[in-house]
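Welcome, and please get your viewer ready. We will go from stop to stop, selecting as we go.

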Amino acid sequence: MESLTGIAVSSGVVIGRAHVLDAVERYVPERRIPEDAVEAEIERLWEAIGSVLDELTELRNKTEQELGADPAKILDFHIGVLQDPTLVSPMHDRIRTGLVNAERAVAERFEELARQFRGMGSAVFRQKVNDIIDLDRRVLSKLLGQSDNRLEQVSEPVVLVAHELTPSQTASMDRTKILGIATDAGGRTSHTSIVARALEIPAVVGCHELTSVIQTGDQIIVDGETGKVVIRPNEEEIKTYRKLQEERLVRVASYRELVDLDSKTLDGTNIELLGNIEFPDEVATVLGNGGNGVGLYRTEFLWLTNDHSPTEEEQFESYRRTIELLEGRPLTIRTFDLGADKYTQQRAEEPERNPFLGCRSIRYCLQNLPMFKTQLRAIMRASAFGTMKIMFPLVSNVMELRQTKMLLRDVCEELDEESIPYDRDLEAGMMVEVPSAALMAKVFASEVSFFSIGTNDLIQYTLAVDRGNERVANLYTGAHPAVLQLIKTVVRAARRKSVNVSICGEIAADPIYTMLLIGLGIRTLSMVPAQIPVIKRVIRSVDVEHCERVARKIGTFDSERQVLNCLRDELRKVDPESSITTNGDS
Ligand code: PEP
Ligand code: MG
């Protein structure tokens with residue numbers, strides 16, 4: 001028996017057999033294969049190369065038709081390299097004599113080739129290195145894609161173990177086959193963790209070395225409450241965790257009793273509780289947990305779970321379906337937040353040096369206008385079917401917002417010309433996720449109908465701590481006085497202009513922050529649906545004056561430790577049970 005401690009990101013305890021997955025882009029593990037698997041591995045390599053060749057040929061022909069013969073020649077180089085026997089035969093040799101997996105053989109051969117090109121005297125050849133990297137990615141993603149299919153063939157439910165998962169891998173998981181997740185990398189608010197919570201799959205991330213000490217078939221316990229992962233547990237250990245599973249079931253059942261009760265403080269102040277969703281079908285979970293609508297619909301998951309760009313019609317259908325499922329309750333739809341970690345493997349064509357500071361979210365949309373306009377059209381068309389608001393992610397300067405609003409007006413004009421109905425009073429708001437936006441909230445407040453504070457990103461950009469990096473996860477906290485200062489600035493600016501302000505980052509789902517947020521003046525919280533009853537319970541145990549006193553006291557502290565200690569004490573006083581489930585460092 002061996003145990004590791006990671007970061008608990010999705011609650012629940014599971015005991016099962018591990019399935020170790022090595023399908024992660026850029027992480028190419030060496031897997032030993034038995035001698036009798038060599039031919040099948042080479043066949044897999046042929047298939048991957050063949051299908052990349054088909055894709056490239058199609059792309060070449062399309063480029064020639066649309067842009068002419070010269071641009072199409074670039075792809076001739078790609079095709080020529082892939083067809084060259086001197087590229088492929090060393091890969092075969094490596095598999096045959098080294099008994100390694102095809103992914104490893106491919107990665108090593110392309111690395112060698114890139115090194116050769118880099119070392120060439122001519123600048124023209126040196127530039128070809130990027131083409132080599134592109135080819136490497138294309139072939140690898142085919143091979144890794146096949147590994148994913150192997151996951152689909154898992155017949156019994158398993159606990160998935162991986163170095164890292166992409167949000168799209170997590171999002172496309174079959175809930176009946178994946179009992180739990182444990183990964184080496186990741187942080188509490190990384191998008192994979194968010195999706196695991198949405199799918200209610202118990203998960204622990206940031207376990208560092210897990211994949212090197214476990215094998216497929218080993219028994220494993222994943223405790224999504226404490227972050228503990230036990231490998232090859234003994235009888236005693238299994239008994240203890242079975243008991244914990246039962247206790248948790250009782251606790252969850254007690255929360256169910258809160259579903260139909262009002263979300264009001266003791267003095268009668270209403271706090272609106274909404275759900276964060278990634279897929280239309282999650283509306284049922286939001287309503288089932290007593291949510292009053294959707295405060296954040298992460299539409300980019302439509303891309304992440306598809307192998308093609310969603311068309312206007314496909315998007316329209318998803319948005320309309322979501323609105324209809326809500327039966328008159330409000331829906332806040334967020335435009336695509338693609339980029340950073342939210343790419344499909346196919347779309348990670350050009351790696352950025354600092355993807356979280358790069359072309360993501362609204363920046364990505366404004367650089368891809370046809371795609372953005374298609375989404376805005378689909379959203380506006382769906383707005384005719386219910387109560388909807390639209391919001392834009394990661395706005396960092398006022399020009400981005402103005403350009404986006406102009407685009408939205410263009411789309412409305414087009415719809416007018418085509419006599420297509422839409423909601424003419426649709427409210428447009430923005431997410432506050434970057435310190436520049438929070439500091440300039442006064443200016444932004446004159447331009448939008450509402451703010452939604454995305455603390456997951458706001459924390460990472462304020463504290464310079466990557467939200468998905470387990471090595472700095474101890475520095476990532478919403479209790480940092482700098483983060484609280486920014487929230488206060490936004491609330492104050494919003495109040496002056498009578499602009500509504502909500503929180504949709506993960507701190508909204510953590511009971512330790514509830515009193516503080518109410519005390520700071522927040523009246524709308526949007527969160528992973530399963531946490532709605534937990535937060536409601538705290539709301540029903542406090543009064544606003546008390547919360548304001550707590551917020552004032554917190555305002556005098558200069559460290560996150562003091563903030564967390566005070567919040568923990570206050571929560572324990574009003575709702576001892578919720579204090580068990582708090583994370584306290586979202
Ligand atoms: C946030 O950043 O707080 C947020 C809600 O958006 P996401 O987690 O999707 O980046
Ligand atoms: Mg965000």
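Here is the tour, after a word on conventions.

This is a predicted model, in which local features need pLDDT of at least 70 and side-chain atom pairs count only at pLDDT 80 or more, while totals for chains, interfaces and linings use all residues. Residues are numbered from 1 along each chain as its sequence is written, chains are lettered from A and ligands numbered from 1 in the order in which they are written, and side-chain values use heavy atoms, with hydrogens and water left out.

**Stop one: the magnesium ion**

Select ligand 2, a magnesium ion that Glu433 (OE) and Asp457 (OD) coordinate at 2.0 Å. Donors here are N, O and S atoms within 2.8 Å of the metal (3.2 Å for Na, K and Ca), and sites may look incomplete since water is not among the atoms. Glutamate 433 sits in the loop between β13 (427–432) and α16 (435–439), and aspartate 457, 24 residues apart from it, in helix α18 (residues 455–463). Helices (H or I, at least four residues) and strands (E, at least two) are DSSP runs, numbered from the N terminus. Are these two residues buried or exposed? Both glutamate 433 and aspartate 457 are buried, meaning under 20% relative accessible area, with exposed over 50% and partly exposed in between (1.4 Å probe, protein chains only).

**Stop two: glutamine 460**

Stay in helix α18 and pick glutamine 460. Its relative accessibility is 5%, so glutamine 460 counts as buried. Show its contacts (heavy atoms within 4.5 Å): leaving out residues up to four places away in sequence, glutamine 460 touches Phe356, Arg360, Val465, Asp466, Arg467 and Tyr476.

**Stop three: α18 against α19**

To see who meets whom, select Thr455, Leu458, Ile459, Thr462 and Leu463 in α18, then Ala482, Val483, Leu486 and Ile487 in α19.

**Last stop: helix α7**

Finally, select residues 191–198, helix α7: eight of its eight residues are buried, so the helix is largely enclosed by the rest of the structure. Among them are His191 and Arg197. Just after α7, look at glutamate 200, which takes a positive phi of about 60°.
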